[in-house]
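Here is a short report on the structure shown below.

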Amino acid sequence: MGPGLSWDLTYDVQLMFSYPFMVNAFRAGTIVAVIAATIGWFMVLRRQSFAGHTLAVIGFPGAAAATWLGLATGYGYFGFCIAGALVIAALPQHTGRTAPAEQSAVIGTVQAFALALGYLFVSLYKGFLSGMTNLLFGTIVGVTNTQVLALLLSAAACLAVLIAIGRPLLFASIDPDLARARGIPVRGLGALFLVLLGVAAAGTSQVTGSLLVFALLVAPAATAHKLTTRPAVGIALSIAFGLLATWIGETLAFSTVYPIGFWVTTVSFAGYLAASLWRVVTDRAGPSPRITAPATAPAGARP
Amino acid sequence: MRLQSLAIATPDPITALGHMLALPFIVHALVAGTAIAIVSGLVGYFVVLRGQVFAGDALGHVAYTGAFAALAVGLDLRIGMFAATIGAGLILGLLGGRSIADDVTIGTVFSWVLGLGVFFLAYYTTHDSTSNGAANVNVLFGSLFGISTPAMWTAVAVAAVLVIAILTIARPLLFASIDSAVAAAAGVPVRALGALFLALVGATAAEASQIVGALLLFGLLAAPAAAARRLTPDPWRALWLAALLATASVWAGIAISYAAPTLPVSFTIMTAAAALYAGSFLRRASTTADNVAVRASVM
């Protein structure tokens with residue numbers, strides 16, 4: 001993309017930030033890394049990572065339709081992802097009654113249909129086929145000031161809501177039955193969380209592309225969950241890993257011909273792999289007290 | 001050419017069909033599409049029955065990466081696709097017996113695999129001056145209307161081999177899928193069969209990505225098969241019905257895309273398959289209503 005690295009880090013960073021598009025890419029990446037890592041931490045805890053992936057995939061036809069209609073892609077991402085989250089939240093909850101085979105077939109069909117619909121909009125908007133790769137696999141060029149502002153506002157709103165519902169959400173995620181007995185509106189919290197997840201997925205898609213959101217939405221959070229069960233430390237670690245993956249990914253995407261989608265997934269995956277290996281090694285060395293009681297540490301609300 | 005044929009197609013349906021079938025690219029699409037749809041339906045039935053739709057999704061990612069790895073080193077993309085998907089299917093099948101991996105691990109691994117595909121795509125497009133710009137779209141979303149005569153016969157031959165393979169293992173596979181513990185006790189090699197099956201899913205994924213693309217193939221595996229399972233409780237009937245519905249989706253998709261050339265054929269195929277699946281939900285409601293009606297008439 002840009003000139004190669006010169007091994008003089010200060011010079012390289014100065015050079016990189018002399019390009020206005022890189023400044024915006026870093027602003028967008030930083031905002032997205034923080035919100036994706038925070039929402040992602042709760043998502044991994046709630047085992048909803050495929051819901052996050054599905055929401056991101058639903059964002060692709062949204063962004064493609066927006067481009068076709070001449071709107072900014074952000075409208076499409078946020079509109080479709082939030083609408084998708086509301087639909088998923090409104091669906092009857094499947095708890096054991098529907099066979100998992102049927103459920104995964106429904107999810108698979110919805111995802112494939114969403115991608116097909118996105119391809120339709122891309123074909124309708126002729127001459128956009130190269131832009132499709134950017135929608136699917138991310139890009140560092142072309143982030144506008146308005147887009148950065150929209151990402152910042154949506155992330156701030158998301159964080160504010162999350163701070164307001166954080167404690168009951170944590171409780172409801174760890175032990176829904178007990179939480180329900182204590183009068184916590186578990187279903188309502190779940191629906192609200194899906195909307196937050198929709199916003200986070202829409203934001204993440206604008207950096208990594210619709211198909212590679214796992215790199216920022218899941219991997220940093222999963223890495224943190226491997227290392228600690230304490231919520232505050234876990235969320236902080238998750239944010240740190242997310243920022244690291246984004247910054248390294250964007251720097252390498254700037255200085256090589258390979259796109260951000262490759263770099264950011266590779267860095268995230270390497271981190272997750274290292275944490276998994278560390279986990280295996282420490283578990284071999286002797287059972288640590290933390291893993292024997294995984295649910296006790298976060299439950300400040302427990303009796 | 002396709003726009004002209006639309007103008008000719010307006011008078012009456014039979015003549016229109018004649019005009020459509022006179023076009024070589026339509027005939028190639030129908031022959032290859034039918035062969036591939038039959039395999040997708042048969043294999044898809046077991047994929048849904050065994051709850052392995054996400055393995056189909058993962059193998060689609062592998063197909064993409066395999067295709068561009070092959071192009072990056074100068075091979076035919078189909079070689080890379082088949083090698084990568086069959087290999088990944090075998091590995092998944094051999095690991096799957098121990099269920100060591102959770103959804104987070106699987107998702108992270110396959111997202112990285114797709115990221116690697118993007119790396120090969122960039123390598124291929126920057127290092128190969130003869131690179132074909134449409135390759136990315138063709139691999140992601142298929143190129144059913146661009147199948148040449150040799151490619152058509154290859155697709156049919158591969159499909160025939162896969163149909164024979166899946167029918168050969170169908171009976172023990174059905175047994176192992178419905179009750180693996182009893183099947184294992186009865187001497188069925190459950191684990192080896194599972195690995196062999198995922199290798200077949202891999203080959204089917206590589207085959208199906210030629211018509212609907214690496215991103216949509218798991219929809220073609222899942223939707224007709226899941227619809228068939230809703231329509232009949234009998235496993236053998238459901239197996240053949242899945243192949244029939246997949247074929248119907250492909251034919252309907254080709255016809256609609258021919259009549260309305262602005263709609264890409266992989267979109268119309270996927271829409272037909274999704275519509276059939278959505279329709280099967282109505283069917284079950286009507287069956288119960290019928291039962292109520294039958295019961296009411298008896299009493």
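A residue is buried if 20 or more other C-beta atoms, placed from the backbone, lie within 10 Å of its own; it is exposed at 12 or fewer, and partly exposed in between. Helices are DSSP runs of H or I with at least four residues, strands are runs of E with at least two, and both are numbered from the N terminus.

This is a predicted model: local features need pLDDT of at least 70, side-chain atom pairs count only at pLDDT 80 or more, and totals for chains, interfaces and linings use all residues. Residues are numbered from 1 along each chain as its sequence is written, and chains are lettered from A, with ligands numbered from 1, in the order in which they are written.

**Helix H6 of chain B.** Of the 25 residues of H6(B), 18 are buried, so this helix is largely enclosed by the rest of the structure.

**Chain A.** The chain has 14 helices and zero strands. Of its 303 residues, 52% count as buried. Two residues are in contact if their C-beta atoms, placed from the backbone, lie within 7 Å. Among contacts in chain A with a separation of 6 or more, 76% come from residues 24 or more positions apart.

**Contact between the chains.** Chain A contributes 39 residues and chain B 38 residues. H5(A) gives the most to the chain A side, with 15 residues.

| Class, side of chain A that touches chain B | Count |
|---|---|
| Nonpolar | 28 residues |
| Polar | 10 residues |
| Charged | one residue |

Note on methods:
Ala, Val, Leu, Ile, Met, Phe, Trp, Tyr, Cys and Pro count as nonpolar, Asp, Glu, Lys and Arg as charged, and the others, Gly among them, as polar.
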